[in-house]
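Please brief me on the structure below. Keep it plain, and group the points by topic.

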Amino acid sequence: MTERSPGEAHPVLVTLAPILEKTGGRLVAAEKATADDIPVVWEGETLACVRFGAPEPDTLGGLEKILEDVAVELGGPLTGLPRVDKQRAVRLLEERGAFTFRKSAETVAAALGVTRFTVYNYLNRERA
């Protein structure tokens with residue numbers, strides 16, 4: 001077994017990081033695991049656990065990060081944008097994978113200050 005300095009992540013966890021980022025998962029400490037978490041075991045040792053679902057309240061994860069980035073790019077809060085810019089925001093969000101997250105239409109709708117049906121209409125307009 002290779003020695004690591006304190007604070008250095010295990011290579012297996014480093015390898016998993018980009019996969020989890022793309023799939024909306026995150027690592028949690030083994031001692032904070034719940035029954036729904038998936039243990040990452042290496043040579044009989046649980047290194048951490050993988051958790052899918054909504055990010056913890058004190059972290060800015062997946063969809064929230066994408067929404068924040070689009071708001072910055074468009075120059076301010078998404079709720080204050082005119083309709084044409086909200087449509088552009090939905091297009092940018094789709095390009096960045098925002099709609100791969102669970103309940104994303106509802107989250108995006110709330111961020112834009114519209115209904116989820118409006119979000120679906122914007123998406124359908126872009127796909128047509």
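Gln87 touches Tyr122 and Arg125, leaving aside residues up to four places away in sequence; contact here means heavy atoms within 4.5 Å. Gln87 belongs to helix 3 and is buried, with a relative accessible area of 11%. The model is predicted: local features need pLDDT of at least 70, side-chain atom pairs count only at pLDDT 80 or more, and totals for chains, interfaces and linings use all residues. Residues are numbered from 1 along each chain as its sequence is written, and side-chain values use heavy atoms, with hydrogens and water left out.

**Terms for burial and elements**

- Buried means under 20% relative accessible area, exposed means over 50%, and partly exposed lies in between (1.4 Å probe, protein chains only).
- Helices (H or I, at least four residues) and strands (E, at least two) are DSSP runs, numbered from the N terminus.

**The chain as a whole**

- The chain has five helices and three strands.
- Read from the N terminus, the order of elements is α-β-β-β-α-α-α-α.
- Of the 128 residues in the chain, 30% are buried.
- Taking contacts between residues at least 6 apart in sequence, 47% join residues at least 24 apart.

**Helix 3**

- Helix 3 covers residues 83-95, which is 13 residues.
- From first C-alpha to last, helix 3 reaches 19 Å, close to the 18 Å expected at 1.5 Å a residue; the expected span is 1.5 Å times one less than the number of residues.
- Its buried residues are Lys86, Gln87, Ala89, Val90, Leu92 and Leu93.
- An α-helix has 3.6 residues a turn, so residues three or four places apart point the same way.
- Gln87 lies 9.3 Å from Asn121, C-alpha to C-alpha, and the two are 34 residues apart in sequence.

**Packing of helix 2 on helix 3**

- Two packed helices are described by the angle between their axes and the distance between the axes.
- Helix 2 (residues 62-74) packs with helix 3 at an angle of about 135°, and their axes are 10 Å apart.
- The axes are lines fitted to C-alpha atoms, for helices over the stretch in contact, and angles run from 0 to 180 degrees between N-to-C directions.
- Helix 2 and helix 3 are therefore oblique to each other; angles under 35 degrees count as roughly parallel, over 145 as roughly antiparallel, 65 to 115 as roughly perpendicular and the rest as oblique.
- The crossing of helix 2 and helix 3 is right-handed, a term for the near helix being turned clockwise from the far one by less than a right angle, with anticlockwise giving left-handed.
- On the helix 2 side, the contact is made by Ile66, Leu67, Val70, Glu73 and Leu74; on the helix 3 side, by Asp85, Arg88, Ala89, Leu92 and Leu93.
- By class, this contact has seven nonpolar, no polar and three charged residues.
- Ala, Val, Leu, Ile, Met, Phe, Trp, Tyr, Cys and Pro count as nonpolar, Asp, Glu, Lys and Arg as charged, and the others, Gly among them, as polar.

**From helix 3 to helix 4**

- Lys103 sits in the loop between helix 3 and helix 4 and is exposed, at 54% relative accessible area.
- Lys103 has a positive phi of about 60°, although it is not a glycine.
- Ser104 is in helix 4 (residues 104-112) and is buried, with a relative accessible area of 6%.
- Ser104 touches Leu63, Ala98 and Phe99, when residues up to four places away in sequence are not counted.

- Ala17, in helix 1 (residues 11-23), is partly exposed at 38% relative accessible area.
- Thr34 is in the loop between strand 1 (26-28) and strand 2, and is partly exposed with a relative accessible area of 45%.
- Thr34 and Arg51 are 17 residues apart in sequence and 8.7 Å apart in space, C-alpha to C-alpha.
- Trp42 is part of strand 2 and is partly exposed, at 41% relative accessible area.
- Trp42 touches His10, Val12 and Leu47, not counting residues up to four places away in sequence.
- Glu43 lies in the loop between strand 2 (38-42) and strand 3 (45-51) and is exposed, at 66% relative accessibility.
- Glu43 has a positive phi of about 50° and is not a glycine.
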